[in-house]
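I opened this notebook to keep track of what I looked up in one protein chain.

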Amino acid sequence: MAAKIAILAGDGIGPEIVSEAVKVLECLQQSYALDIELEQAVIGGAAYDESGNPLPQKTLDLCKAADAILLGAVGGPQYEALERDLRPEKGLLGLRAELELFSNLRPALLYPQLVNASSLKPEIVSGLDIMIVRELTGGIYFGQPRGIRTLENGERQGYNTLVYAEHEIERIARSAFDVAMKRSKKVCSVDKANVLEVSELWREVMIRVSKEYPQIQLSHMYVDNASMQLVKWPKQFDVIVTNNLFGDILSDTAAMLTGSIGMLPSASLDKNGKGMYEPIHGSAPDIAGTNTANPLATILSVAMMLRYSLNQPELAVCVEQAVSAVLDQGIRTQDIADGGSSVSTRKMGEAVVSALQLKSK
Ligand code: NAD
């Protein structure tokens, strides 16, 4: 049976970059006999404009029925004044929560052709290939109680709650160990166990679950040290597993080691491997509609989809190699051109499709 893929372009540059990733999927369908069915739906600001709801029921139903979801990005300045529940980001957070996409995989991979795009010295970052596994549906972003209250003395106080139940730690541990089994089998769990009780439990559960994976080499690091080590000697890491808040921050640091936000994909998985795939960047309203955005992060999200949800690791490699071949040819969008000449979003997408077609022959 054909795998069902929901396509959610979203806002800003979303439609431009997703169009190019869809061309890649269609090429895989035609030239590599990939058995897929694509269906589009609206999310975020585009959905709000259409129906007043950033996550319409129809979109949610489509995503629930799909085997995988490809998302562009959501958000834009025109929606910032809306009340929180109607904002585009609510569509994305709602989808992650409804589908229980608790495991966020964020690779930070430096393409050798782009080593000069990093602000770090080439010897520090060349060959960099880290996978950050971030817990995505728990922790302080969702913990209750939360809010802003007024104290007896009339002063206002903001508060959030960092909570993790054992089952939430267990499942993210398994997710990280499963990913590591396909890589170097090294996992570093990042916490703040010297200060936080929730981290103490996190560490205890990580160690317990690791016993089910005797080949895995598990280490632990405090988050403050991890942020330092990521910049000092990032190649010491392979898989990093951490909570929602720490993962949010560390994965952005790791992303910047590679120099370009336009190159990095991500996956958010449920316990069965169903996933939502999206570039790590936002909707880039400053360049939306100009046909200059880099579509490679979205195209590489398709590669992750092939690997983690569609069980097609060979095709994932084909897409990654096609991207690498295009970079070898010197083809660059503006963000990775380093001041040199650049091509449009569409031309970059077409170049990847051509490279893929060439490989299929
Ligand atoms: P952003 O990632 O959209 O943009 C940051 C900078 O990177 C901008 O200068 C942009 O032009 C550039 N950039 C981003 N993607 C690029 C690409 N593919 N090619 C070339 N350049 C690219 O972050 P921001 O400006 O902080 O946020 C803009 C909007 O996106 C906001 O509304 C924010 O809420 C939203 N956002 C959405 C997501 C998501 O949908 N997952 C993630 C982050 C931000």
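Predicted model: local features only at pLDDT ≥ 70, side-chain atom pairs only at ≥ 80, totals over all residues.

Two strands count as paired here if DSSP finds at least two bridges between them.

**Entry 1**

A reminder to myself: strands in a sheet pair through backbone hydrogen bonds, and they do so either parallel or antiparallel. I then picked one pair to look at. Strand E4 (residues 103-109) runs antiparallel to strand E5 (residues 129-135), and the two share seven bridges. Within that pair, I found Val-133 of E5 as the bridge partner of Leu-105.

**Entry 1: helices on the sheet**

**Entry 2: H1 and its helix neighbours**

I stayed with H1 (residues 14-31) and looked at H12 (residues 345-360). Their axes come within 9 Å and cross at roughly 15 degrees. Angles under 35 degrees count as roughly parallel, so H1 and H12 are roughly parallel to each other. Their crossing is right-handed.

I listed the residues that meet. From H1 they include Glu-16, Ile-17, Glu-20 and Lys-23, and from H12 they include Thr-345, Arg-346, Gly-349 and Glu-350. By class, this contact has seven nonpolar, five polar and five charged residues.

Then I turned to H10. H1 and H10 pack at an angle of about 40 degrees, with their axes 8 Å apart. That makes H1 oblique to H10. The handedness of this crossing is right-handed. On the H1 side the contact uses Ile-17, Val-18, Glu-20, Ala-21, Val-24, Leu-25 and Leu-28, and on the H10 side Thr-298, Ile-299, Val-302 and Leu-306. I noted nine nonpolar, one polar and one charged residues here.

**Entry 3: H6 and H7**

I checked one more helix pair. The axes of H6 (residues 166-181) and H7 (residues 197-210) come within 9 Å, crossing at roughly 50 degrees. H6 and H7 are therefore oblique to each other, and their crossing is right-handed. Among the residues in contact are Ile-169, Ile-172 and Phe-177 of H6, which join a group that includes Leu-201, Trp-202 and Val-205 of H7. The class count is nine nonpolar, one polar and four charged residues.

**Entry 5**

Strand E6 (residues 147-150) and strand E7 (residues 156-159) pair in the antiparallel sense over four bridges. Thr-150 stands opposite Arg-156 of E7. Five residues lie between the strands of this hairpin, and Gly-154 takes a positive phi near 90 degrees.

Before the next two items I wrote down the general rule: most residues other than glycine have a negative phi, and most peptide bonds are trans. Where does the chain depart from that? The peptide bond from Gln-144 to Pro-145 is cis, with omega near 0 degrees. Pro-145 is in the loop between E5 and E6. Asn-311 is not a glycine, yet has a positive phi of about 55 degrees. I located Asn-311 in the loop between H10 (296-308) and H11 (313-328).

**Entry 4: the whole chain**

Last, I stepped back. The secondary structure of the protein chain comes to 12 helices and 12 strands. The radius of gyration is 20 Å, close to the 21 Å that the globule rule gives for 361 residues, so the chain is as compact as a globular protein of that length. Along the principal axes, its C-alpha atoms fill a box of roughly 65 × 50 × 45 Å.

Terms used:
Residues numbered from 1 in each chain as written. Heavy atoms only, no water. Axes fitted to C-alpha atoms, helices over the stretch in contact; angles between N-to-C directions. Parallel < 35°, antiparallel > 145°, perpendicular 65-115°, else oblique. Left-handed = near helix turned anticlockwise from the far one by under 90°. Contact = heavy atoms within 4.5 Å. Nonpolar A, V, L, I, M, F, W, Y, C, P; charged D, E, K, R; others polar. Rg over C-alpha atoms; globule rule 2.2 N^0.38 Å.
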